[in-house]
Amino acid sequence: MSLKNPIDFYRTLPRKTCPECGEQMEEQAESYFMECERCLAKKGE
Ligand SMILES: [Zn+2]
């Protein structure tokens, strides 16, 4: 068996960076926002 570990696949993905503050974010499948949660909260006000 030579199945690739899915965790290794995710590790090779480039980290998403918030264009607002430059914070590195964990990529979430359900998240399609560009900014991090903090900047999104600021914009929401
Ligand atoms: Zn941000």
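**Exercise 1. In what order do the elements of the chain run from the N terminus on?**

Start with the source: this is a predicted model. Next, list the elements. The chain has two helices and two strands. Then read from the N terminus: the order is α-β-β-α.

**Exercise 2. Find where confidence is lowest and where it is highest in the chain.**

Begin with the whole chain. Its average pLDDT is 77. A score of at least 70 is reached by 71% of the residues. Now turn to the elements. Helix α1, residues 6-12, has the lowest confidence, with a mean of 70. Helix α2, residues 37-44, has the highest, at 87.

**Exercise 3. Decide whether Cys36 is buried or exposed, then describe its surroundings.**

Cys36 sits in the loop between β2 (24-25) and α2. Second, count neighbours. Cys36 has 21 C-beta neighbours inside 10 Å. The cut-off for buried is 20 or more, so Cys36 counts as buried. In the chain of 45 residues, 2% count as buried. Third, look for contacts, setting aside neighbours within four places in sequence. Cys36 then touches Cys18, Cys21, Glu23 and Met25. Last, take one partner. Cys21 is 15 residues from Cys36 in sequence, and their C-alpha atoms are 8.2 Å apart.

**Exercise 4. Decide whether Arg15 is buried or exposed.**

Locate Arg15: the loop between α1 and β1 (16-17) holds this residue. Count again. Arg15 has 8 C-beta neighbours inside 10 Å. Exposed requires 12 or fewer, so Arg15 counts as exposed. Finish with a distance. Arg15 and Glu26 are 11 residues apart along the chain, with 6.9 Å between their C-alpha atoms.

Definitions and conventions:
Residues numbered from 1 in each chain as written. Predicted model: local features only at pLDDT ≥ 70, side-chain atom pairs only at ≥ 80, totals over all residues. Helix = DSSP H or I, 4+ residues; strand = E, 2+ residues; numbered from the N terminus. pLDDT = per-residue confidence, 0-100. Contact = placed C-beta atoms within 7 Å.
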